[in-house]
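Please keep the sequence and the structure in view while reading.

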Amino acid sequence: MNPFHLDTKGRSISQLLYNDTTVNMNDFIILSPPLRVIEYDRASGRLRFDTTNTSQFVTKFNTLQQYIISTLFLHRLQFFQYDYSHADIETMFQPLMDGNVFSVFVYPATMIRKRDGEGMSVNMLSPGDTVRFPIYIHGVMLLSNIYNPVPHVHIQHTLPRLRIQHNIPYMWFVDSTV
């Protein structure tokens with residue numbers, strides 16, 4: 001992970017990078033297993049999935065989240081210029097995997113490819129439908145409180161938020177309960 005910097009849209013992001021002598025990766029991709037839709041909130045773009053029967057995926061994503069939290073804690077002075085506690089950083093972190101619920105944010109125009117080759121909009125998903133998709137992980141975004149734009153200055157114990165920056169470019173429709 002690199003220290004936070006402003007991206008082209010003016011957002012503070014810490015990019016996840018992997019570099020060695022033969023490979024350089026600026027983001028990485030995780031292919032989800034088939035996941036059952038719990039709900040899609042059209043207003044926020046939040047799509048929530050039940051991961052009850054996907055223990056390997058849950059373990060993989062929880063490990064990633066804990067790695068990010070530990071890395072931010074270990075290098076907290078470099079990342080935040082402030083000596084946050086491990087508990088503070090965990091509180092600041094907005095997990096995508098929370099228990100057996102996996103939440104991602106998708107654009108309303110995200111298309112879902114059905115088995116017959118036809119496409120459908122993410123807006124057409126219903127609770128119980130099953131889809132799978134690649135998750136492009138770009139980094140961690142630092143979201144400052146609008147009342148506290150300086151992340152390391154505590155105003156009435158408000159902490160900035162940390163969120164995994166990701167995108168879902170497309171999905172595959174697997175099954176429907178309808």
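## Pockets, sheet and selected residues

Strand β15 contributes the largest share of the lining of the largest pocket, namely five residues. The model under discussion is a predicted one.

The largest pocket has a volume of about 430 Å³. Its lining comprises 21 residues, and those closest to the centre of the pocket are Arg11, Tyr107, Gln165, His166 and Asn167. Three strands, β2 (12-15), β14 (134-143) and β15 (161-167), each provide at least two residues of this lining.

The second largest pocket has a volume of about 190 Å³. Its lining consists of Arg46, Arg48, Gln94, Pro95, Leu96, Asp98, Val101, Ser103, Phe105 and Arg163. Strands β7 and β10 are the elements that give two or more residues to this lining. The greatest contribution to the lining of the second largest pocket is that of β10, with three residues.

| Pocket | Volume | Lining residues by class |
|---|---|---|
| Largest pocket | about 430 Å³ | eight nonpolar, eight polar, five charged |
| Second largest pocket | about 190 Å³ | four nonpolar, two polar, four charged |

The strands β7 and β10 also belong to a sheet. In what order do the eight strands of the open sheet lie? The order is β9-β10-β7-β6-β13-β16-β11-β12, and the pairing is mixed. Strands β9 (97-98) and β12 (119-121) stand at the edges with a single partner strand each, so one side of each has no neighbour in the sheet. In general, the strands of a sheet pair through backbone hydrogen bonds, in either a parallel or an antiparallel manner.

Within this sheet, β7 (residues 46-50) pairs with β10 (residues 101-105) in the antiparallel sense, over five bridges. Arginine 46 lies opposite phenylalanine 105 of β10, and arginine 48 has serine 103 of β10 as its bridge partner. These four residues, Arg46, Phe105, Arg48 and Ser103, are among those that line the second largest pocket.

Strand β7 is also joined by five bridges to β6 (residues 35-41), and these two strands run antiparallel. Here arginine 36 has aspartate 50 of β7 as its bridge partner. The hairpin of β6 and β7 has four residues between the strands, and in this hairpin glycine 45 takes a positive phi near 80 degrees.

Two residues in helices complete the account. Arginine 76 is part of helix α2 (residues 76-80). The side chain of arginine 76 is joined to that of aspartate 83 by a polar contact of 2.5 Å. Leaving aside residues up to four places away in sequence, arginine 76 touches Gln81, Tyr82, Asp83, Tyr84 and Ile89.

Methionine 92 belongs to helix α3 (residues 86-92). Is methionine 92 buried or exposed? Methionine 92 counts as buried because its relative accessibility is 0%, and buried means under 20%. Residues up to four places away in sequence again left aside, methionine 92 touches Phe80, Tyr84, Leu159, Pro160, Arg161 and Leu162. Between methionine 92 and histidine 138 the separation is 46 residues in sequence and 18 Å in space, C-alpha to C-alpha.

Terms used. Residues are numbered from 1 along each chain as its sequence is written. This is a predicted model: local features need pLDDT of at least 70, side-chain atom pairs count only at pLDDT 80 or more; totals for chains, interfaces and linings use all residues. Side-chain values use heavy atoms; hydrogens and water are left out. A polar contact is a pair of N or O atoms within 3.5 Å; within protein, one must be able to donate a hydrogen and the other to accept it, and residues adjacent in sequence count only if both atoms are side-chain atoms. Contact means heavy atoms within 4.5 Å. Two strands pair if DSSP finds at least two bridges between them. On a 1 Å grid over the protein atoms alone, a cavity is a set of points where a 1.4 Å probe fits but cannot get out, and a pocket is an open set with protein on both sides within 12 Å along at least five of seven lines; lining residues have an atom within 4 Å of a point. Grid points are joined across faces, edges and corners, and a volume is the space filled by probe spheres set on the points. Ala, Val, Leu, Ile, Met, Phe, Trp, Tyr, Cys and Pro count as nonpolar, Asp, Glu, Lys and Arg as charged, and the others, Gly among them, as polar. Buried means under 20% relative accessible area, exposed over 50%, partly exposed in between (1.4 Å probe, protein chains only).
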